[in-house]
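Welcome! Please take a look at the sequence and the 3D view below, and then we can walk through a few features together.

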Amino acid sequence: LCGSMLCYAFGGNDFFHQLLTSDSVLARVSRKVGATATVFWGRWWLPTVPLVPPHGVSIVLGEPLPSMRTASADGRPTDEEIDRLHAQYEAGMRAVFDECKAAAGYPGATLDIQ
């Protein structure tokens, strides 16, 4: 399995206004059909002109995930190896998010990984 750098962009969700929010009718329909459809717009109601987020955009990097070789004979990672790496990824993302959120202007934010 290949190692990778952890990276998070604070403010990325604020480039565009969007009609799809977690409690909207469109969001409920999207969840029901298993496909996302949204309407978004930026500055001057144009879809191609992004907004400038109020806190700007901050890109933070965390510690890279370790590289490792798979133990399987065919060279494919096992489900357990994938689950272990995913757990490490999630823990690393939470750590870098929580460490940097106040400095990025989002002190009360929480990271929701689904």
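At 17% relative accessibility, Lys101 counts as buried (buried means under 20% relative accessible area, exposed over 50%, partly exposed in between, with a 1.4 Å probe and protein chains only). This is a predicted model, where local features need pLDDT of at least 70, side-chain atom pairs count only at pLDDT 80 or more, and totals for chains, interfaces and linings use all residues. Residues are numbered from 1 along each chain as its sequence is written, and side-chain values use heavy atoms, with hydrogens and water left out.

Lys101 sits in the segment after α2 (79-100); helices (H or I, at least four residues) and strands (E, at least two) are DSSP runs numbered from the N terminus. Leaving aside residues up to four places away in sequence, Lys101 touches Phe10, Tyr106, Pro107 and Ala109, contact being heavy atoms within 4.5 Å.

Now for α2 itself. Its buried residues are Glu81, Leu85, Gly92, Met93, Val96, Phe97 and Cys100. They lie on the same side of α2, because they cover an arc of only 130° around the axis, taken from the directions from the helix axis to the C-beta atoms. On the other side of α2, Asp79, Glu80 and Asp83 are exposed. The buried residues of α2 pack against β1 and β4 (58-61).

Here is the helix in brief, its expected span being 1.5 Å times one less than its number of residues:

| Feature of α2 | Value |
|---|---|
| Length | 22 residues |
| First C-alpha to last | 31 Å |
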